Amino acid sequence: MANVYHFGAVGDGKSDDTVALQHALEAGEGILDLNKGTYRITRPLVIDLTKQGYGAVRGAGGASRIVMAGAGPALRIIGDHRGTASPGTYQPHTWEKERMPQISGLEILGEHPEAVGIELRKTTKTTITGVLVRECKHGIHLVERNRDFVLSDSHLLNNHHFGLFFDDCNLHQIIVHGNHISWNKKAGIKSLNGDVHNLQITGNDIEYNNHPGVDKSPAGEPRGAEIWFEAPTGVISEVTIASNTIQATIQPGGANVRIHGAPTTSPRAARLVTITGNVLGSQTRGIELRHVQRIAITGNTIYDSQDLSILASHCAGIAVGSNTLVWRGEDEDPPRDGIRLEDCDNGALTGLVTRRLCSGSATAGAAFTLVRCRDVAVSECQIIDPLHRGVELEDCERCRVSSNSIIDRREQHSMLQAVRVRGKSRDNLVQNNLLGGSREKLLDIAPGSSVLQGNVEIKE
């Protein structure tokens, strides 16, 4: 571990320290200790674990800064791990030369529009802690293949595209905890295609990852998000998003959490996802799901979603339970929030506590709208003061609306119907609901679409 000043580094933020730092890195056999100072570089510092052995870059307790004035990553770590996380798949050279590279205690500042903070390629057990990356294209960029990655106690701030980017990467066993990931222009955390499994995102503050007013996307395409998983040709699986604050400002097409899988009925797509115990809000949509299978959304507070609190399309095995969805305190506040399921199969909306959900319109839609869904239950929910309707089923089959309270308590009722079933719906059950306060009629059920039993209608 050599003193970087002995190799000609200046650390004044003006001199080009690239050659000196790379020389110090190689002399230190892959370990670079940075003194307090600002080190300007113009090309990547490369830690090739296959040549130099175990590697680390350590700053002086956050007092060390690298300014990347060239394209590419400020720090590039290269390994040769070709196996999985199973110990039996590791080659001897991986254990003896490459395992657990560490980066800690420093800031990386991008000065070039194509600068990247840290790039990882074919590494295993990389640990990044106590790092600040800002104003780069991507904060941390994982490519090709990596295993057992940990990011903790770090700040990814104001990067041009993504804070943390899994880029068409074969990546398993990831822990992201205790970080501040904010003001990144396209997404805080982005996974694109690849084969990503066993991802835990817990205890982070993930906010304001958007660029309001700047929209160059083709019409209809999604824009920014706090957490954005997109796998039209890949897999995203075994994901936990828990105990985070996930908030933003309203952005056209934006979402707090967006997960889009492949348009297939195969179990290979986006699957096995838990979103629990988070505070989500202040975006166009709270949670947006397309082609996701086996997903649980529980124990969250979801608020102030300009379009919808939850949108699920072509999903199967979806359980939404014991969340609160409420923001609009007064009728004069802007209309927001609601749940919409389209073409979903085998799901349950259970134990939700809601007030003043405003999705839909006077002609179509409701606080809870199900369109072309099969075998979905809406039960034990508090649907209080919905703007247009409580629950609407359109072209649904074998769905159940039971044991809910759907009541408009306003002095001047706004709710048109508590439950409406329409279109080509059939074999549905509407039972044991407590209904009250509609402008037209509490139950508007298409003939032959549903069985009604045990509902209680409160008369004025």
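Modeller: Start with two phenylalanines. Phe162 and Phe165 are both buried. Here, buried means under 20% relative accessible area, exposed means over 50%, and partly exposed lies in between, with a 1.4 Å probe and protein chains only.

A word on the ground rules. The model is predicted, so local features need pLDDT of at least 70 and side-chain atom pairs count only at pLDDT 80 or more, while totals for chains, interfaces and linings use all residues. Residues are numbered from 1 along each chain as its sequence is written, and side-chain values use heavy atoms, with hydrogens and water left out.

Now the rings. Rings of Phe, Tyr and Trp (its six-membered ring) pair if their centres lie within 6.5 Å; planes under 30 degrees apart are stacked, over 60 edge-to-face, and the rest tilted. That rule gives four aromatic pairs. Phe162 and Phe165 make one of them, a tilted pair with 4.7 Å between centres and 55 degrees between planes. Trp183 and Tyr208 have ring centres 4.5 Å apart and planes at 5 degrees, so this pair is stacked. Trp183 has 43% relative accessibility, so it counts as partly exposed. Tyr208, at 25%, is also partly exposed.

Charges meet rings too. A charge sits over a ring if NZ of Lys or CZ of Arg is within 6 Å of the ring centre and within 35 degrees of the ring normal. Lys190 places its charged end over the ring of Trp228, 4.0 Å from the centre.

Next, the cores. A nonpolar core is a set of buried Ala, Val, Leu, Ile, Met, Phe, Trp, Tyr and Cys residues joined through side-chain atoms within 4.5 Å. The largest one has 100 residues. Those with the most contacts inside it are Phe149, Leu164, Phe229, Leu289, Phe368, Leu370 and Val419. Strand E13 (residues 162–177) gives this core its largest share, six residues. A second, separate core has five residues, among them Phe165 and Trp228. Phe165 is thus a member of the second core and a partner in the tilted pair.

Asn256, in strand E21 (residues 255–260), touches Ala225, Glu226 and Ile227, among others. Touching, or contact, means heavy atoms within 4.5 Å. Asn256 has 0% relative accessibility, so it counts as buried. Arg285 is also among the residues that Asn256 touches.

Side chains of opposite charge can pair when their charged atoms come close. A salt bridge is a side-chain nitrogen of Lys or Arg within 4 Å of a carboxyl oxygen of Asp or Glu. The whole structure holds 34 salt bridges. Arg258, Arg285, Glu288, Arg290 and Asp307 are linked in a network of them. Arg121 and Glu144 meet in another, at 3.2 Å, N to O. Arg121 lies in strand E9 (residues 115–124) and Glu144 in strand E11 (residues 138–152), so the pair ties together parts 23 residues apart in sequence. Arg121 is partly exposed at 28%, and Glu144 is partly exposed at 40%. Buried or partly exposed, what are Asp408 and Arg410? Their closest N and O atoms are 2.9 Å apart, in a salt bridge. Asp408 is buried at 2%, and Arg410 is buried at 8%.

Last, the backbone. Most residues other than glycine have a negative phi, and most peptide bonds are trans. Asn158 is not a glycine, yet its phi is positive, about 60 degrees. Asn158 sits in the loop between strand E12 (155–157) and E13, and it is partly exposed at 26%. Asp337 also has a positive phi, about 75 degrees. Its place is the loop between strand E27 (324–326) and strand E28 (339–342). Asp337 is buried, at 0%.

Methods:
Helix = DSSP H or I, 4+ residues; strand = E, 2+ residues; numbered from the N terminus. Lists of a residue's contacts leave out its neighbours within four places in sequence.
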